Every structure is written in C-alpha cells, then in structure tokens.
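Thank you all for making time this morning. I would like to walk you through one model, and I will ask you to keep the picture in view while I talk.

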Amino acid sequence: MRPLPLLTAENREFWTGGAHGKLKICFCNSCERAIHPPQLVCPTCLSLDVGSRAVTGTGTVYSFTVNYQPWYPEMAVPFALAVVDVDGAPGVRVTAQVTDTDPEAVRIGDKVQVGFRQIDDIWLPQWKPVVQGSAT
Amino acid sequence: MTLAKATITGAGISRLGRKTGRPAMLHLVEAATEALACAGLTREDIDGITTYPGRTSGSPGMSPLGTGEVRNALGLRTRWHCSTPEGPSQMAPIISAAMAVMCGQARHVLCFRALTESSSQTPERRASIPGAGESRVDGWTSWLVPAHAMSGANWAGWIATRYFHEFGMTRDHLAMVALGQRQFALANPSAVMRKPLSLQEYRDARMISSPLGLFDCDLPIDGACAFIVSAADAAKDCARPPLRIEAMGAGLRSQETWDQRADLTTMGAHDSSADLWQRTDLRPEDVDVLALYDGFSIFVPLWLEALGFCGHGEAKDFIAEGNIGPSGRYPVNTGGGQLSGGRLHGFGLLHEACLQLWGDAAGRQVPEARTAVCGMGGGFIAGAMLLQRN
C-alpha cells in the first residue's frame, strides 16, 4: 500500500492544490523566495508572511530513475520517478511519478507538466510529458 | 584549552547472516563481548553507552535495541547514555561518544548497532522502506514515499542518473566498485557474500532502480557491531594501541531532503568532509585505508570526491585506474563493504578500518596501514572521521 502524507499547516496547500488542478508552491511574500518543502517561516529572511501560489505546473526533468522493484506486493512496476525543476519557482524541485509515457523514455531535460491523482484527501502531483501546444 | 583527542580502543562484530532467526540481543552480546576483550576491558569499566538511532519499530529490524535494553541486559551502571537518531549519520554515536570522553562525562563508552532486518522484513513491510505498511508518513520521507519513491535505491538512483549525465560515468564504473569489494570479501570470513562476482553477473543482474542494479545495493542482514570509545588517558591501559580520532566532520549546508540540494552530484558528504579537513593537518595523501558508505555503489565515488581523493567528476577515472580495489593506493571497504559484507549501517565499515589499523585484517591487510578515513551516510545524511594509530 502507498503511504500518504500527514497533512500539516505547512504542507496542506501543496497536497490539496490538485483539487483545483493547481500546483501550489510556497513563497515568501517579503523576499519572493520560493520555499520547498513549504515552511511557515521564510528560511532566507525569516518573514512569517509566507503563502502558497499556483505556478504554471510545468517544469524540466533534472534527474530521474526507473523503478523496477515492487516495494510492496501490489506495487505496479516499472515506473519512472522524475526530479523536476519547477517553472516559476527558482530552486524548487518536485519529485513525482511520470505518467502517460514509456518509463524508459524519460530523459534529463524533458519538459513535463503536472497532473494529479487523488487518493482520499491527498492530490498527488504526477508528471507527464508536455504535449506540443498544450502547455499554458 | 586543547582537549585530548578521543580514541577507539576496542571493536567487535557478531556472526553476520541472513534470516538467522537469532534475537538481536544475542548478536549484540557477541559483538560487545568481543569489543571488551579486544580492548582488554571488563563490563565494570564501561561507564557510557550510545547507539544510532535508538530503539525504533518504524522500519522492521532496523534498530530493535536501544541503550535502555542493552544497559539492562548487560547490567551496566553508566554515567552517560545517549542515542542519536538525528545526528550526523550512522556515525553520530561514535562522534557523540568521542565528545563525551573528551569532556570527561565518561571514560569508556560502548557504541553499538544491532540489526535484524533480514529476519524481520516481510513482503508487506520490507526492510529500510520508511513508512512501509503505514497509512501516513511525515517528515522528510513524506516528500518521497507518497510519490512512490519508497526506497533509498530510488533516491540514490536519481543521484546516479544525474552524475552519469554530467560526467559520463557508466554502470561498468560502478561494477568496478562492486567487484572490487567482492574480491575483498572473499578474504573476510565475516562477510556475508563470499562467492566471486563476475562483470557478466553484475551486468545481467536485475535492475532495481535505474541505473542501479541488484549488485549496486547493499544487503539487509542480521548482526551487531560494537566499539569502545575511550578517553585518551584511559586508553593507555588498554590491550591494543589506541586509535586516535584525529578529526570529525559533521557539516551540513543543505536542506534535509533527497532532491532539493542545488547540485545533486554532491551530497552532505561534501559538507562533512570539508569540515573534517579543516580540523586536521593531515591530507588525503596521508590516508592508507578508506571506509566509505556503500549503501549503494554510487555513494563510493561521491565520497571519494567529497573527501578530496579526486576532483569533482573525476571519480570514474580514479576508480578505473585501480586506486580503490585490492592492491590499490587508496583501498576502499577492504572487508567487502555493505555491498558484499552486509548492511550494518556504517559500523561494519568502521570495524574493518579498525582491524586494518591494528594489523588484524588477515588475508586482506593493507601493509603498514596507520591512517584511516571513514565517511558514513548518503544524500543529506553524512558524518566523517579520521583515525590514526600512534
């Protein structure tokens, strides 16, 4: 079974943004730093004026791995995991499964866009290849 | 005031195995008894105790014994005890024990690690899968496990993918790590894997998380390992030449995550290593034997670079030139490491380094080994140590 994140004051916006189709990243409203994992205080300027903003939901694959080993009995393999530099959020990476493609076709530098898979009260981000002309 | 440096005066290891079915405490007693005998000490001499990470049921068999159980079982009366789940890597108990004896809080500290990951894991709750079998996770694993990045093999896998991409390393370079360590293991009676490993077998083995295959991953085992860390003045009366802890490094300059470090071809190892060399006049060329964390083979080249044995991106050539294997100038994990010896979370690597410095590594002894470096951990988890026999 797939463990889900415990929702906290810090991470709730991130894990539920998918309910509205949005990838939400925490930013500092004072110094504009993007903060991930999200925090209640800005690690750069210590401002408490932080909050989540929707980003475009696109990004670039910084690295990846294809997982072949089932880590629990019903885990479907293989699948790709991508570590993605998120557009509009400098320094922030979101690591997620890659869908809608052959896992072995994923490459560093690929442009991807976010989708979501809902399980209970969590909307897990998932990356899929940008289809030409569809990115906004 | 300069504090006299701490020493390691004893080391012990239990019979290691897979699916031994032996209770953790029996492994621990074997290792602790051997460490005491090695140091020429008795139970009454031990006045401190440490472990990593302390008793936890979070991951099956990962740490079934805390300082409490071991104090009780061995009838210890201590002046100082501590377990360190959030310290600088699996090395944290050795580092904190060293600080304790330097500050006079204890004279002889028993540092231990006991695991029954092989016997305790099940298909539903596999060893070293954080949150396996749980419905919710929090902390740093919550940014990995829900995404199905459940294993360290995944996290090390994307480090390796990026490193391969930037520096042209291939799986055959990692094979040199795995094969070299297996060759060492053949001469180590306590190693779990003692059958020769060929390049073809390495290449043919099933992929776990690309580019890491089966033989790039260490093995869950049952066993225990123990050290005695002693104050410098107390060490003089011990049976073996004390191994001086010349320097310790615990720096960490990035977040506690496996994916946000700006350059994922470096790790916390680079921060801890930088700290280490700032605290000693010794240099990498003074080192005779290396104990580098090999939970996954890719960590070895990154530790080599972190510690400055070669430059960033140069590890593949450094390895290909034969530096780290048997008869190399900088032999790494001479007991077979965790890849072939079994996963004792760094303790087994340090144990082997101690044997080398005492001249007790029969069949694989590095001639006149006097100085060892040990680096433990992967990703953001890191601690480094220099040991020297006087």
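Before that, two remarks on how to read what I say. This is a predicted model, in which local features need pLDDT of at least 70 and side-chain atom pairs count only at pLDDT 80 or more, while totals for chains, interfaces and linings use all residues. Residues are numbered from 1 along each chain as its sequence is written, and chains are lettered from A and ligands numbered from 1 in the order in which they are written.

Let me begin with chain A, where an open sheet of 3 strands has the order β3-β2-β4 with antiparallel pairing. Here helices (H or I, at least four residues) and strands (E, at least two) are DSSP runs numbered from the N terminus, and two strands pair if DSSP finds at least two bridges between them. The strands β3 (34-35) and β4 (50-55) of chain A are at the edges with a single partner strand each, so one side of each has no neighbour in the sheet. Strand β2 of chain A, residues 23-28, pairs with β4(A) in the antiparallel sense over 6 bridges, and within β4(A) it is Ala54(A) that stands opposite Lys24(A).

How many residues of each chain meet at the contact between chains A and B? The count is 29 residues of chain A in contact with 37 residues of chain B, where contact means that the C-beta atoms of two residues, placed from the backbone, lie within 7 Å. On the side of chain A that touches chain B, at least two residues each come from β1 (4-5), β5 (58-67), β6 (79-86), β7 (93-98) and β9 (122-129) of chain A, and β5(A) gives the largest share, 6 residues. That side of chain A has 19 nonpolar, 8 polar and 2 charged residues; in this scheme Ala, Val, Leu, Ile, Met, Phe, Trp, Tyr, Cys and Pro count as nonpolar, Asp, Glu, Lys and Arg as charged, and the others, Gly among them, as polar. There is strand pairing between the chains too: β1(A) and strand β5 of chain B, residues 136-137, pair in the parallel sense over 2 bridges, with Pro5(A) opposite Val137(B) in β5(B).

Turning to chain B, its domain assignment, whose bounds come from an automatic or database source, gives domain 1 (7-121 + 222-235) and domain 2 (150-218 + 243-389). The centres of domain 1 and domain 2 of chain B, taken over C-alpha atoms, are separated by 23 Å, and the contact takes 20 residues from domain 1 of chain B and 24 residues from domain 2 of chain B. The elements that give two or more residues to the domain 1 side of this contact are β1 (7-13), α3 (92-102), β4 (108-116) and β8 (222-230) of chain B. By class, that side has 12 nonpolar, 5 polar and 3 charged residues.

Finally, some backbone details. Most residues other than glycine have a negative phi, and most peptide bonds are trans. The bond from Val77(A) to Pro78(A) is cis, with omega near -5°, and Pro78(A) is in the loop between β5 and β6 of chain A. The bond from Tyr52(B) to Pro53(B) is also cis, with omega near -10°, and Pro53(B) lies in the loop between β2 (48-51) and α2 (67-74) of chain B.
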